[in-house]
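Please keep the sequence and the structure in view while reading.

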Amino acid sequence: MRLPYVDNPPNFTSEDDKQVLERVKARRGERGLLPLDLALLHAPKVADGWNALLGAIRTKTSLSDNIREIAICRPALINQAWFEWNAHCPLLEESDSFKSDKSKIETVQELHPTSAGSLDDKEWATLRYADAMTRDVTVPQGLFDEVKKLFSEQEVVEITTTVASYNLVSRFLVALDVGEANDKKPEFTTKVTNPTSSDKNIQS
């Protein structure tokens with residue numbers, strides 16, 4: 001990483017910071033602190049807010065696993081945040097929809113998919129919505145109307161906040177090279193790792 005990680009466990013003296021650490025540890029459970037946590041804990045109050053937001057995104061929405069993980073994996077792929085991709089692609093592959101059709105992951109791995117492949121309507125709409133938010137920020141009205149037709153208003157907000165939050169995560173990971181993963185591209189990216197100029201701008 002471009003900064004040193006905090007000690008594991010961190011040597012906090014402030015009671016407030018110690019409470020933050022306990023909340024982060026409670027969310028991580030048996031896995032313990034991740035490299036991401038050890039980077040964020042340089043700024044404990046930021047880590048606390050991050051922990052609350054991402055905890056809600058991961059565990060407190062009504063989204064199915066496949067929809068949530070598509071909304072997470074697309075920003076990871078487009079932004080080349082391989083630490084994020086490596087953590088979440090297996091979760092997507094383990095979702096019921098993807099377990100029953102192994103070919104679906106191939107579409108999610110494509111940088112510029114031109115067809116849905118075997119993705120269902122909701123999965124394909126989520127993928128394109130995540131791509132629009134990540135690449136262009138502005139979502140075309142026609143695509144938004146499609147998403148709104150397929151999902152409840154609560155789900156639209158949850159998908160939108162998931163994509164937005166994991167753009168935050170991916171940009172933090174890549175900027176600091178958390179987990180030393182920036183140069184560890186998955187094998188499938190040899191097919192797609194010549195980004196267009198707009199893709200390169202996403203990294204700037």
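What is the mean pLDDT of the chain, and what percentage of its residues reach 70 or more? The model is a predicted one. Its mean pLDDT is 92, and 92% of the residues reach 70 or more. Residues 192-204 have a pLDDT below 50. In the model this stretch has 19 contacts beyond near neighbours in sequence.

**Nonpolar cores**

The largest nonpolar core has 20 residues. Within this core, Leu-33, Leu-36, Leu-41, Trp-50, Tyr-166 and Val-169 touch the most other members. Helix 1 (15-28), helix 2 (35-40), helix 3 (44-59) and helix 10 each give two or more residues to the core. A second, separate core has 19 residues, including Trp-82, Ile-105, Val-108 and Leu-111.

When residues up to four places away in sequence are not counted, Val-169 touches Trp-50, Leu-54 and Glu-84.

Helix 10 covers residues 153-176, which is 24 residues. At 1.5 Å a residue, helix 10 should span 34 Å, and its end C-alpha atoms are 35 Å apart, so the two values agree. After helix 10 comes Asp-177, which has a positive phi, near 55°.

Phe-144 lies in helix 9 (residues 141-150). Apart from neighbours within four places in sequence, Phe-144 is in contact with Tyr-129, Val-139 and Val-156. Phe-144 and Ala-125 are 19 residues apart along the chain, and 8.9 Å separates their C-alpha atoms.

**Cysteines**

A disulfide is a covalent bond between the sulfur atoms of two cysteines. How many disulfides does the model have? The count comes to 0. The table gives the values for two cysteines.

| Cysteine | Closest cysteine sulfur | Sulfur distance | Relative accessible area |
|---|---|---|---|
| Cys-73 | in Cys-89 | 5.4 Å | 1% |
| Cys-89 | in Cys-73 | 5.4 Å | 6% |

How values were computed. Residues are numbered from 1 along each chain as its sequence is written. This is a predicted model: local features need pLDDT of at least 70, side-chain atom pairs count only at pLDDT 80 or more; totals for chains, interfaces and linings use all residues. Side-chain values use heavy atoms; hydrogens and water are left out. A disulfide is a pair of cysteine sulfur atoms within 2.5 Å. Buried means under 20% relative accessible area, exposed over 50%, partly exposed in between (1.4 Å probe, protein chains only). Helices (H or I, at least four residues) and strands (E, at least two) are DSSP runs, numbered from the N terminus. Contact means heavy atoms within 4.5 Å. The expected span of a helix is 1.5 Å times one less than its number of residues. A nonpolar core is a set of buried Ala, Val, Leu, Ile, Met, Phe, Trp, Tyr and Cys residues joined through side-chain atoms within 4.5 Å. pLDDT is the predictor's confidence in each residue, from 0 to 100.
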